[in-house]
Amino acid sequence: MIVLDKVDKVFPGSTIPAVNQISFQIDEGNICVFVGPSGCGKTTILRMINRLVEPTGGEIYIKGKKVSDKEVNPDELRREIGYVIQQIGLMPHRTVEQNVALVPRLLKWPEEKISLRVKELLETVGLDAEEVSRKYPYQLSGGMMQRVGVARALAADPPIMLMDEPFGAVDPIVRGRLQDEFLRLQKALKKTICFVTHDINEAIKMGDHIVIMNKGELVQHGTPMEILCNPANYFVKDLIGTDREIKLLELTKSEELVTRTKNIPEQIIEKDSFILAIDPVQRALEIMMKKNSDLVGVRDGAEMIGTISWEDIKKHINMISGDN
Ligand SMILES: Nc1ncnc2c1ncn2[C@@H]1O[C@H](COP(=O)(O)OP(=O)(O)OP(=O)(O)O)[C@@H](O)[C@H]1O
Ligand SMILES: [Mg+2]
């Protein structure tokens, strides 16, 4: 859907490329997360996709079409691509309604349609349209502003969304909630999304695919599981941190590890140590610690389907994490 082929960017006056020979592909309906330290080129990549920055080399294709093609009008291109800019970027002297309605008004939608769309979007991102529509950005909390930023990017229902640290300006609790809500929304919307973050945990949680960058270079890309199982080098290992095994267990569903049996041991029933088949294996560990037990039962709805033991978890970690 979006293809970058050996893309370079050297800014005028600089000798070091901000982005150096980057190639990868983002499939339709996927969330691709770019992660890496400050200055590694994440924002530059997003801005080359919607042509706010022109590459100095290579090609970018959207749905097989060169973004740099003379026939492609950059303004029209940008209307097809929702953009949540870093630091939110709401216009301070315009109300929430005016901010969200920006692109639909540019597209000259009838006012009635715009009004319905704004209301619908504000509700979609979890805001009370009645309450916030006429407010100005400074009258909102950080979390509310980020929601308005997402609503604005979704306004014209673009197939592609570029999201630059969309949940960066809020505390970890609000952030977790925004992430969960957005993932739920994406299940229905199925947009093709480029998502930038500094935070590897956010990348693992949000990404179908992760692109790890450092100093303008692509260091590694793959699914969260691929990256956790096989970090390419010390830079990636360092980024993942010391709790790699825990992160792997968060990505593994209990049903993948369950030993199916109808005979659920007494101790499990006595201690009420159960998890759900859809829970991450991490949850099994938590229950083991809480109930001081080395075995948990696994339920699928109301049905008991089997057990997971501490030994099963250890074996699983050894198998998937290898010697890395
Ligand atoms: N308009 C510009 N002119 C000159 N240099 C620029 C410009 N924009 C970005 N750069 C440089 O390009 C490099 C990459 O910047 P970029 O903003 O893409 O990084 P980033 O990964 O988004 O960082 P952060 O996480 O801090 O947002 C940096 O060295 C930056 O100084
Ligand atoms: Mg940036």
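Colleague: Which residues form one aromatic cluster?

Modeller: Keep in mind that this is a predicted model. The whole structure holds four aromatic pairs. One aromatic cluster is made up of Phe167, Phe182 and Phe195.

Colleague: Tyr136 and Tyr138 form an aromatic pair; is it stacked or edge-to-face?

Modeller: Two numbers describe a pair of aromatic rings: the distance of the centres and the angle of the planes. For Tyr136 and Tyr138 the centres are 6.5 Å apart, with 15° between the planes. Planes under 30 degrees apart count as stacked, over 60 as edge-to-face. The Tyr136 and Tyr138 pair is therefore stacked.

Colleague: Which residue's charged end sits over the ring of Trp109?

Modeller: There is a lysine over a tyrosine too: the charged end of Lys237 sits over the ring of Tyr234, 4.9 Å from its centre. At Trp109 the charged end lies 4.1 Å from the ring centre. That charged end belongs to Lys113.

Colleague: Now the pockets. Which helix gives the largest share of the lining of the largest pocket?

Modeller: The largest pocket holds about 720 Å³ of space, and 28 residues line it. At least two lining residues come from each of α8 (172-189), α9 (200-206), α10 (224-229), α12 (244-251) and α14 (281-291). Eight residues, the largest share, come from α8.

Colleague: How many residues in the lining of the largest pocket are charged?

Modeller: Domain 1 (2-248) and domain 2 (253-321) each give at least three residues to this lining. Among those nearest the centre of the largest pocket are Lys205 and Met206. By class, the lining has nine nonpolar and eight polar residues, and the charged ones number 11.

Colleague: And the second largest pocket: which residues lie nearest its centre?

Modeller: The second largest pocket has a volume of about 430 Å³. Its lining has 11 nonpolar, three polar and four charged residues. At least two of the lining residues come from each of α2 (74-79), β6 (81-84), α4 (102-106) and α7 (142-154). Of the 18 lining residues, those nearest the centre are Arg78, Ile81, Tyr83, Leu102 and Val103.

Key. Residues numbered from 1 in each chain as written. Chains lettered and ligands numbered in written order. Predicted model: local features only at pLDDT ≥ 70, side-chain atom pairs only at ≥ 80, totals over all residues. Heavy atoms only, no water. 1 Å grid on protein atoms, 1.4 Å probe; cavity = no way out; pocket = protein on both sides within 12 Å on 5 of 7 lines; lining within 4 Å. Points joined across faces, edges and corners; volume = space filled by probe spheres on them. Helix = DSSP H or I, 4+ residues; strand = E, 2+ residues; numbered from the N terminus. Nonpolar A, V, L, I, M, F, W, Y, C, P; charged D, E, K, R; others polar. Domains from an automatic or database assignment. Phe/Tyr/Trp six-rings, centres within 6.5 Å; stacked < 30°, edge-to-face > 60°. Lys NZ or Arg CZ within 6 Å of the ring centre and 35° of its normal.
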